[in-house]
Amino acid sequence: SWVHIGTEERAKLAPNDTCNVRFELKQGRKMLIQSQNKKSGNYKKGYQCKQAFKCKGKNGAIQFKCKTFDIERTKKCANDSLIISDNDGRLGKYCGKKSPDLTSRGNLLRILFTS
């Protein structure tokens, strides 16, 4: 069983103030997350937003995928980026328009957006 995080149409939207929080989700649940500044897409330099997602089941895993993904693309994602990690460490650093599509190696998934 999985917890899906991404932009699924049927998913429940996370609360507006979703930075520096931890979500505990039941297996099989879907959740929609979105940018804190979705209107302009501009963030102050040094801005960070951390989120952690934990699946309640012992043998659960968390899947992350997005229909729409757009973070300023720079060499090695040096400016804006989304870093995704799990219990075993970093899964990747992402920017540009190609959405990550990955699954955690345990029941915890962390995302960090930096600008």
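Tutor: Strand β5 (residues 48–55) and strand β10 (residues 108–114) run antiparallel and are joined by seven bridges. Strands are DSSP runs of E with at least two residues, numbered from the N terminus, and two of them pair if DSSP finds at least two bridges between them. The model is a predicted one, in which local features need pLDDT of at least 70 and side-chain atom pairs count only at pLDDT 80 or more, while totals for chains, interfaces and linings use all residues. Residues are numbered from 1 along each chain as its sequence is written, and side-chain values use heavy atoms, with hydrogens and water left out.

Two positions of β5 show the pairing in detail. F53 has L109 as its bridge partner in β10, and K54 has L108 as its partner in that strand. K54 is also the bridge partner in β5 of E24. Five bridges join β3 to β5, and these two strands run parallel.

The side chain of F53 deserves attention next. A search of the whole structure finds two aromatic pairs. One of them, F23 with F53, is stacked, with 5.2 Å centre to centre and 15 degrees between the planes. Because F23 lies in strand β3 and F53 in strand β5, this pair ties together parts that are 30 residues apart in sequence. Rings of Phe, Tyr and Trp (its six-membered ring) pair if their centres lie within 6.5 Å; planes under 30 degrees apart count as stacked, over 60 as edge-to-face and the rest as tilted.

Buried means under 20%, exposed over 50% and partly exposed in between, with a 1.4 Å probe and protein chains only.

F53 is also among the residues with the most contacts inside the largest nonpolar core, which has 22 residues; the others named are F64, L82, I84 and I111. Such a core is a set of buried Ala, Val, Leu, Ile, Met, Phe, Trp, Tyr and Cys residues joined through side-chain atoms within 4.5 Å. Two or more residues come from each of β3, β5, β6 (61–65), β7 (81–86) and β10.

How values were computed:
Helices (H or I, at least four residues) and strands (E, at least two) are DSSP runs, numbered from the N terminus.
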